[in-house]
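Q: I'm new to this one. Can you walk me through it?

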Amino acid sequence: MSDETFSNSALLIWQDGELIKGQWLLEEDEIFIGRDETCQITLPSRWISRRHVQVRRTRDGFTAEDAGSKNGVFINGRRIFRAHPLADGDRLQLAPGLELVFVDSEATAPLPGRMAEPLRIEYDTRQVYLNGQLVSPPLSTHQYKILCTLAEQPGRVYSRYEIISAAWDDENSDGVTDDALDAMMRRLRQRLQKFDPQREYITTVRGYGFKLNLD
């Protein structure tokens, strides 16, 4: 079967109001969407099954099929029970308040909205989003405080003393060693890279401190 017999790649867009929280190019012939990290598209929601929906490329386009989810898959408000052909503009509802918009490769008009910023912190709920993806499970208290401090002025280099004072403000910061801080920063980097491996969010400035990169 030649590549020419298949339709070109399409997009799935996670849109919440005017905010585009994520978008994925459908380049593979078989794509799983779910909560499990082995899925090509991972959605961090407790309402999403580990493998929720399967999207397949066919000779005629793309289809979506329930992959054995607990709460079902709905397309344009109707639950599907077998492979369903996708048309441009179809909306896949996977959970309350979570739907993906299918954009066919032939579509030329962009969806209204704006791309999610690389980093968003909701201070009232202490939730962190990277490119629209919720960081779950949440960052530890120290990791969250460090990130909030760096996010006050992205690009500015914060000294080790400033980071320690901000993250351990309710403890004896004098007892925090350089090794302890380096270990904490390493774990924080690993958490962030898990959700966005293409960007190095935190840079170490040798001999001084750390800075947050959002460019």
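This is a predicted model: local features need pLDDT of at least 70, side-chain atom pairs count only at pLDDT 80 or more; totals for chains, interfaces and linings use all residues.

Q: What else pairs with S11 over four bridges?
A: Strand S10, residues 91–95. S10 and S11 are antiparallel too. Ala-95 has Leu-98 in S11 as its bridge partner.

Q: How many residues sit between the strands in the hairpin of S10 and S11?
A: Two. In that hairpin, Gly-97 takes a positive phi near 80°.

Q: Is S11 mostly covered or mostly open?
A: Mostly covered. S11 spans residues 98–103, and five of its six residues are buried.

Q: New topic: helix H3. What should its span be, and what is the distance between its ends?
A: H3 covers residues 178–195, which makes 18 residues. At 1.5 Å a residue, the span should be 26 Å. The end C-alpha atoms are 26 Å apart, so the two agree.

Q: Which residues of H3 are buried?
A: Among them are Leu-181, Ala-183, Met-184, Met-185 and Leu-188.

Q: What sort of sheet do S16, S18 and S17 form?
A: An open one of three strands, in the order S16-S18-S17, with antiparallel pairing. S16 (158–159) and S17 are the edge strands, each pairing on one side only.

Q: How many bridges join S16 to S18?
A: Two. Ser-159 has Gly-209 in S18 as its bridge partner.

Q: Which strands does H1 lie across?
A: S16, S17 and S18. H1 runs at about 70° to S18.

Q: Where does H3 touch the sheet?
A: H3 packs on it, touching S17 and S18. The direction of H3 makes about 150° with that of S17.

Q: Last thing, rings. What sits over the ring of Phe-32?
A: The charged end of Arg-51, 3.9 Å from the ring centre. Elsewhere, Arg-199 lies over the face of Tyr-201, at 5.4 Å from the ring centre.

Q: How many aromatic pairs does the count come to?
A: One.

Conventions
Residues are numbered from 1 along each chain as its sequence is written. Side-chain values use heavy atoms; hydrogens and water are left out. Buried means under 20% relative accessible area, exposed over 50%, partly exposed in between (1.4 Å probe, protein chains only). Two strands pair if DSSP finds at least two bridges between them. The expected span of a helix is 1.5 Å times one less than its number of residues. Contact means heavy atoms within 4.5 Å. Axes are lines fitted to C-alpha atoms, for helices over the stretch in contact, and angles run from 0 to 180 degrees between N-to-C directions. Rings of Phe, Tyr and Trp (its six-membered ring) pair if their centres lie within 6.5 Å; planes under 30 degrees apart count as stacked, over 60 as edge-to-face and the rest as tilted. A charge sits over a ring if NZ of Lys or CZ of Arg is within 6 Å of the ring centre and within 35 degrees of the ring normal.
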